[in-house]
Structures are given as structure tokens and as C-alpha cells.
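Subject: Structure handover

Hello,

Here is the structure for your files. My notes on it follow below.

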Amino acid sequence: MALPSLAIVALMAALVGPSAGIDNGLGLTPPLGWRSWNLFAADVNQTLLESIMDGLVVRRRTVDGVPTSLCDLGYCEVGLDDAWQACG
């Protein structure tokens, strides 16, 4: 019984052929960023989130001798997962 199902899968693969994707440069990496819930849960406020955003753009790290921020490395997104109602 496994042989007929294998033959069907092989036939379908041959009929479908290679699929084409959109080559627009998007989706080459997963979304890179920071989310508040894992660290702060519902204990967030606007000042805290602004300081986190500032931390993503400050260039206090060096990569190959060049001052680099996390945003320079692709981590530019900050997300407030929950408790956004409490922010100012």
C-alpha cells in the first residue's frame, strides 16, 4: 500500500514542478526586534519603552572596529505586546 501512495506523491511533484517566489528582497530574514512581554509583562510605561528604543539606536558596540547600534544590525522594531493602555 505504501508504493501506490509514493507513486502518487511522485506524480504530483512532477506535475507541480518548481514553484516561483517573488524576488523583491523582502522576507530574507525573520523580523528582528524587541518585544516587551518577555521582560516586563504588564509592568511597562512610556518612559521605559522610550529608553528601550534609545538603547536600540545608541552606537556603543563595535563591529569590526566600527561603532554599531542594534538597529544597524537589523534590530529596529520595538513592540508593546500588552498593557499598552497604561502608556501615556
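Starting in the loop between strand 3 (66-68) and strand 4 (77-79), this is where Leu 73 sits. Please keep in mind that the model is predicted. Leu 73 counts as partly exposed, because its relative accessibility is 45%. Together with Val 63 and Tyr 75, Leu 73 makes a nonpolar surface patch of about 250 Å².

Salt bridge

The count of salt bridges comes to one. In it, the side chains of Arg 59 and Asp 72 meet at 2.7 Å, N to O. Asp 72 is in the loop between strand 3 and strand 4, while Arg 59 is in the loop between helix 3 (46-57) and strand 2 (61-63), so the pair ties together parts that are 13 residues apart in sequence.

Thr 68

Is Thr 68 buried or exposed? Thr 68 has a relative accessible area of 8%, so this residue is buried; the class takes values under 20%. Thr 68 is found in strand 3. Its side chain reaches the backbone oxygen of Val 66 at 2.8 Å. Leaving aside neighbours within four places in sequence, Thr 68 is in contact with Val 58, Arg 59, Arg 60, Arg 61, Thr 62, Val 63 and Leu 73. Among these contacts of Thr 68 are Arg 59, which is one partner in the salt bridge, and both Val 63 and Leu 73, which belong to the nonpolar patch.

Whole chain

The secondary structure of the protein chain comes to three helices and four strands. Read along the sequence, the pattern is α-β-α-α-β-β-β. The protein chain has 88 residues, and buried residues make up 11% of them. The chain exposes about 7,100 Å², with carbon and sulfur atoms supplying 62% of that area. Of the contacts between residues at least 6 apart in sequence, 51% join residues at least 24 apart.

Regards

Methods
Residues numbered from 1 in each chain as written. Predicted model: local features only at pLDDT ≥ 70, side-chain atom pairs only at ≥ 80, totals over all residues. Heavy atoms only, no water. Patch = residues over 30% accessible without salt bridge, like charges linked within 9 Å, V, L, I, M, F, W, Y side chains within 5 Å. Areas by Shrake-Rupley, 256 points an atom, 1.4 Å probe, with all protein chains shown as cover. Salt bridge = Lys/Arg side-chain N within 4 Å of Asp/Glu carboxyl O. Helix = DSSP H or I, 4+ residues; strand = E, 2+ residues; numbered from the N terminus. Buried < 20%, exposed > 50% of the residue type's maximum accessible area, 1.4 Å probe, protein only. Contact = heavy atoms within 4.5 Å. Polar contact = N/O pair within 3.5 Å; in protein donor to acceptor, adjacent residues only side chain to side chain.
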